[in-house]
Amino acid sequence: MSRAALEDQNYELIKSAVLDPDNTPLPDYLQPVLERTISAAKLLDKNPTQKHAVAILQAKYPKLSRGQAYEDCKRAMRLFNSIHTFDFDYWQHWLLQDISEMIQKAKDQNNLKAWAMGHKNLMQAMGERPETQIDPKLIEKHQNVFAIQVNNQTINIDQKTLEKLPAEAKQALTALMNQPIDDARAEEIFNS
């Protein structure tokens with residue numbers, strides 16, 4: 001007659017064995033299996049590379065074969081999910097897709113309350129957009145050219161040339177650009 005594996009046991013039975021190992025209702029043949037599985041789960045939390053966890057597990061239990069150590073690690077990942085085995089990107093994609101479908105259904109049914117709630121949930125799930133720093137190398141690669149128009153003449157000046165101009169020349173350019181216009185010119189600009 002075959003004996004039930006650790007995964008086939010009731011969750012509450014495994015939980016009570018983990019919380020109180022001295023008074024556990026778990027069968028005796030599963031005690032070492034549970035102990036190795038818990039050790040493997042702790043190792044995987046500290047060292048998520050399964051190959052390294054197997055090597056450490058074999059060092060901790062010298063009579064353990066490599067295949068059994070891998071099996072214990074796989075069992076630990078199934079029984080004790082951790083942050084290392086959780087696919088956050090898949091979960092986030094699924095959540096955003098589900099909220100988007102809910103918003104679309106609310107919009108189709110013209111349910112503004114559910115629609116607004118869906119948008120609120122979407123904003124919470126997405127979070128705020130992270131601030132990005134401007135890459136100085138990107139700015140250096142692109143040449144910035146300023147088109148300055150003075151008295152219907154357009155002058156193209158690149159940023160480096162503009163920065164090299166003396167302060168008096170910059171002030172003269174600014175003064176020419178900020179000349180007041182009369183009412184006739186303003187009306188002409190408004191009508192165009």
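## Overall architecture

Among contacts in the protein chain between residues at least 6 apart in sequence, what percentage join residues at least 24 apart? The share is 38%, where a contact means heavy atoms within 4.5 Å. The structure is a predicted model, in which local features need pLDDT of at least 70 and side-chain atom pairs count only at pLDDT 80 or more, while totals for chains, interfaces and linings use all residues. Residues are numbered from 1 along each chain as its sequence is written, and side-chain values use heavy atoms, with hydrogens and water left out.

The protein chain contains ten helices and two strands; these are DSSP runs numbered from the N terminus, with helices (H or I) of at least four residues and strands (E) of at least two. Read from the N terminus, the order of elements is α-α-α-α-α-α-α-β-β-α-α-α.

## Burial and surface

Of the 192 residues in the protein chain, 20% are buried. Buried denotes under 20% relative accessible area, exposed over 50%, and partly exposed in between (1.4 Å probe, protein chains only). The chain exposes about 15600 Å², of which carbon and sulfur atoms supply 54%; accessible areas come from the Shrake-Rupley method with a 1.4 Å probe, and for residues only the protein chains shown count as cover.

A nonpolar surface patch is formed by Tyr 90, Trp 91 and Trp 94, which together have about 380 Å² of accessible area. Patches are made of residues with over 30% relative accessible area and no salt bridge, like charges being joined within 9 Å and nonpolar side chains (Val, Leu, Ile, Met, Phe, Trp, Tyr) within 5 Å. Tyr 90 belongs to helix H5 (residues 88–108) and counts as exposed because its relative accessibility is 55%.

## Salt-bridge network

Side chains of opposite charge can pair when their charged atoms come close. The structure holds three salt bridges, each defined as a side-chain nitrogen of Lys or Arg within 4 Å of a carboxyl oxygen of Asp or Glu. Arg 36, Glu 71, Asp 72 and Arg 75 are linked in a network of such bridges. Arg 36 pairs with Asp 72, their closest N and O atoms being 2.6 Å apart. Arg 36 lies in helix H2 (residues 31–46) and Asp 72 in helix H4, so this pair ties together parts that are 36 residues apart in sequence.

Arg 75 forms a salt bridge with Asp 72 (2.7 Å, N to O) and another with Glu 71 (3.5 Å, N to O). Arg 75 and Glu 71 are four residues apart in helix H4, about one turn of the helix. Arg 75 is buried, at 5% relative accessible area, whereas Glu 71 is partly exposed, at 42%. Asp 72, in helix H4 (residues 66–79), is buried with a relative accessible area of 0%. Leaving aside residues up to four places away in sequence, Asp 72 touches Arg 36, Thr 37, Ala 40, Leu 57 and Leu 64.

## Nonpolar cores

A nonpolar core is a set of buried Ala, Val, Leu, Ile, Met, Phe, Trp, Tyr and Cys residues joined through side-chain atoms within 4.5 Å. The largest has twelve residues, among them Ala 40, Leu 44, Val 54, Leu 57, Leu 64 and Cys 73. Helices H2, H3 (50–60) and H4 each supply at least two residues of this core, and H2 gives the most, with four.

Val 54 touches Arg 66, Ala 69, Tyr 70 and Cys 73, not counting residues up to four places away in sequence. A second, separate core of eight residues includes Leu 6, Leu 13, Ile 14 and Leu 30.
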